[in-house]
Amino acid sequence: MTTPCSLLTLLATLTLTACTSFWLSGGLPLLKMPPEALGVQTVEQRTTIVWRGEQKTLEMVLDIHDSTLTVIGMALGARLFSFDYDGEKITETQPLPSHLSATRIVNDLLLAYAPFDALRAALPNGWTVQEKPGTRQVLLDGALNISIRAPEGSLWQGRVMLDNHALHYQVTFDSHEATDDAP
């Protein structure tokens, strides 16, 4: 007999399976950057992915503290995965489904949220970044690879849109700082 928990997990996994190749790295290796460059905080995000005409949504919690970025992926209230990034490597604390890549998730977060100078220093040879108010462009050998649009002010309190031109997908991060509403 199927339990409600196993049914919920199966449904969440099937929902994400449609974007199987979405999190591929696209030639960009894992960026090496200290997580504290993002600022110490806990953030809740609704991540909407558009790839091949399909749209999927994933809830994530990002906890940045003690030189570690912890990412917890949720769907329909169930924890799907979690991992830690220490600026050098990723350690899965709860395995990701085989179609998700922690490297792609971390890179997209760093590309969108890292301060300009920290991102520029972390990009490998051949990759560059340009920035104007509200817009960031990441180029590979001079060709536009990734565009990022963000609100002025705190990136953690609004919508950031990442368009990966090379892999033909878009990610929208709707973020807000987490609050502890527990009694």
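Reply: A salt bridge is counted where a side-chain nitrogen of Lys or Arg lies within 4 Å of a carboxyl oxygen of Asp or Glu. This is a predicted model, in which local features need a pLDDT of at least 70 and side-chain atom pairs count only at pLDDT 80 or more, while totals for chains, interfaces and linings use all residues. Residues are numbered from 1 along each chain as its sequence is written, and side-chain values use heavy atoms, with hydrogens and water left out.

Me: OK, how many salt bridges does the structure hold?

Reply: There are seven salt bridges in the structure, and one of them joins the side chains of Arg136 and Glu131, at 2.6 Å from N to O.

Me: Is Arg136 buried or exposed?

Reply: Arg136 has 7% relative accessibility and therefore counts as buried (buried means under 20% relative accessible area, exposed over 50% and partly exposed in between, with a 1.4 Å probe and protein chains only).

Me: What about Arg159?

Reply: Arg159 forms a salt bridge with Asp174, where the closest N and O atoms are 2.7 Å apart. That pair links distant parts of the chain, with Arg159 in strand 9 and Asp174 in strand 10, 15 residues apart. Arg159 is partly exposed with a relative accessible area of 45%, and Asp174 counts as partly exposed at 23%.

Me: Then how do strand 9 and strand 10 pair?

Reply: They pair in the antiparallel sense over six bridges (two strands pair if DSSP finds at least two bridges between them), and Asn164 stands opposite Tyr169 of strand 10. The two strands form a hairpin with four residues between them, and His168 in the turn has a positive phi of about 60 degrees. Strand 9 also runs antiparallel to strand 8, joined by four bridges, with Leu162 of strand 9 as the bridge partner of Ile148.

Me: Switching to rings, how many aromatic pairs are there?

Reply: Rings of Phe, Tyr and Trp (its six-membered ring) pair if their centres lie within 6.5 Å, with planes under 30 degrees apart counted as stacked, over 60 as edge-to-face and the rest as tilted. The count by this rule is three aromatic pairs. Tyr113 and Trp156 are a stacked pair, because their ring centres are 4.1 Å apart and their planes lie at 10 degrees. This pair links distant parts of the chain, 43 residues apart, with Tyr113 in helix 2 (residues 102–113) and Trp156 in the loop between strand 8 (143–149) and strand 9 (159–164).

Me: Are Tyr113 and Trp156 buried or exposed?

Reply: Both Tyr113 and Trp156 are buried. Tyr113 also pairs edge-to-face with Phe173, at 5.8 Å centre to centre and 65 degrees between the planes. Since Tyr113 lies in helix 2 and Phe173 in strand 10 (residues 169–177), the pair ties together parts that are 60 residues apart in sequence. Phe173 counts as buried at 1% relative accessibility, and ring pairs link Tyr113, Trp156 and Phe173 into a cluster.
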